[in-house]
Structure formats: structure tokens, C-alpha cells
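Q: I'd like to learn how to read a fold like this one, a feature at a time. Could you take me through it?

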Amino acid sequence: MRDEPELKELSEFLNEFNKESDRGAALNAAAVLDDWISNILKEFLVDNKSAESLLGGFNAPLGTFSAKAAAAHSLGLIQDNEIEEITIIRKIRNEFGHSWKGLSFENQKIKDLTFNLPWLGPKELEEESTVRGRFNAAVAILLTDLMWRSRLVSKEKRQVKTWPNKSRD
């Protein structure tokens with residue numbers, strides 16, 4: 001059986017993620033999702049300096065999490081539900097990242113945002129799930145999808161195409 005690098009990386013991430021404080025979980029979730037959206041875009045875009053400059057470097061047009069997610073969505077590389085979940089996770093990250101006060105997933109604004117994430121566990125367990133448990137499960141499933149997506153997208157990698165041009169023939 002072929003080694004699945006996505007499973008190994010997911011396992012390593014979840015092992016650390018589940019030990020994090022609420023703030024650490026929100027920040028790490030956004031960071032790892034940002035990384036995987038970058039991977040998806042890199043796997044899709046042409047390998048050239050223009051693609052590199054879109055994603056990296058000072059003032060890169062796709063240098064932010066939200067810009068990368070919007071680009072991936074506009075290119076059809078992530079689905080509607082995924083961009084919606086990413087947007088919610090970004091907002092949760094921002095709540096934790098922009099406050100020095102001791103926030104947790106029990107904060108009403110964070111709780112409200114988290115309950116906009118889909119419950120992907122057994123219906124019978126939804127009522128007894130914690131806010132943090134709901135967040136962790138949503139992140140784990142979204143991350144799993146994005147990890148596999150990176151490999152799938154690589155099969156559709158763009159190549160530079162020579163276009164006909166009458167003035168240069």
C-alpha cells in the first residue's frame with residue numbers, strides 16, 4: 001500500500017492542535033489552512049516567477065489568507081461550503097488575534113461564529129458537543145479535504161500556452 005503523506009501530516013497536526021489553548025487552536029487552525037490553500041494554488045498555477053510573486057514576498061497580491069482563499073474559490077479549486085467555513089475560521093482567528101484579553105470558545109461572539117460551522121459528527125452527539133469540540137472537528141475535516149485537494153489539483157496544473165499572434169508570426 002502506498003504511503004499517504006497527507007495522513008501523516010494530518011496526524012502530526014491534530015496531535016499538536018488538540019493540546020493547544022483556545023487561542024492557540026484558533027491561530028494554528030488558520031495558519032495550517034492558509035498553508036494548504038497556498039499549496040493548492042501552487043499546485044495549480046504555472047511554475048514561474050509571476051506565480052511566485054502572486055503568493056509570496058512583500059505586498060504579494062495573494063499574500064493574505066483571505067486573498068488566497070478568494071483566489072482558490074474563484075478558480076474553482078475550493079467549493080462554496082469550504083470558502084464559507086474558511087471565512088468563519090478566519091473571523092474566529094481574528095477575534096483571538098486582535099484581543100489581548102483572555103478569550104475562549106465560551107465568549108459569545110466566538111461561540112456564535114463557531115456554531116455557524118457545520119456539525120459533521122453523528123447527529124446524536126451534536127447537542128452534547130462543546131464549542132471547542134465543534135471547532136476542532138470542523139477544522140479537522142476541512143483540513144483533510146484541502147490536503148487531498150492539493151494532490152488532486154496537481155493533475156490540472158496550468159502550463160504556459162503559446163497563443164497565436166498575427167503580428168508576431
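Q: Where does alanine 60 lie?
A: Alanine 60 is in the loop between H3 and H4; helices (H or I, at least four residues) and strands (E, at least two) are DSSP runs, numbered from the N terminus. Keep in mind that this is a predicted model, where local features need pLDDT of at least 70, side-chain atom pairs count only at pLDDT 80 or more, and totals for chains, interfaces and linings use all residues. Residues are numbered from 1 along each chain as its sequence is written, and side-chain values use heavy atoms, with hydrogens and water left out.

Q: Is alanine 60 buried or exposed, and what does it touch?
A: Buried means under 20% relative accessible area, exposed over 50%, and partly exposed in between (1.4 Å probe, protein chains only). Alanine 60 has 11% relative accessibility, so it counts as buried. Contact means heavy atoms within 4.5 Å, and leaving out residues up to four places away in sequence, alanine 60 touches Ser53, Leu54 and Leu55.

Q: What is the secondary structure of the whole protein?
A: There are 7 helices and 0 strands, so to speak α-α-α-α-α-α-α from the N terminus on. The C-alpha trace spans about 70 × 45 × 25 Å along its principal axes. Of the 169 residues, 38% are buried. Among contacts between residues at least 6 apart in sequence, 65% join residues at least 24 apart.

Q: How do I read a nonpolar core?
A: In soluble globular proteins, nonpolar side chains tend to be buried together. A nonpolar core here is a set of buried Ala, Val, Leu, Ile, Met, Phe, Trp, Tyr and Cys residues joined through side-chain atoms within 4.5 Å. The largest one has 44 residues, and Ile92, Phe135 and Leu146 touch the most other members. Helices H1 (5-17), H2 (22-44), H3 (49-55), H4 (65-74), H5 (80-97), H6 (108-114) and H7 (131-154) each supply at least two residues of this core. H2 gives the largest share, 11 residues.

Q: Which residues is isoleucine 92 in contact with?
A: Setting aside neighbours within four places in sequence, they are Ala26, Phe105, Ile110, Leu113, Thr114, Leu117 and Phe135.

Q: How do I describe two packed helices?
A: Use the angle between their axes and the distance between the axes. Axes are lines fitted to C-alpha atoms, for helices over the stretch in contact, and angles run from 0 to 180 degrees between N-to-C directions. The axes of H2 and H7 come within 9 Å and cross at roughly 15 degrees. That makes H2 roughly parallel to H7; angles under 35 degrees count as roughly parallel, over 145 as roughly antiparallel, 65 to 115 as roughly perpendicular and the rest as oblique. The crossing is left-handed, meaning the near helix is turned anticlockwise from the far one by less than a right angle (right-handed if clockwise).

Q: Which residues meet between H2 and H7?
A: Among them are Ala26, Trp36, Asn39, Ile40 and Glu43 in H2, and Phe135, Leu146 and Ser150 in H7. Serine 150, at 7% relative accessibility, counts as buried.

Q: And how do H2 and H4 pack?
A: Their axes are 9 Å apart at an angle of about 40 degrees, so H2 and H4 are oblique to each other. H2 passes H4 in a left-handed crossing. Residues that meet include Leu33 and Ile37 in H2, and Phe65 and Ala69 in H4.
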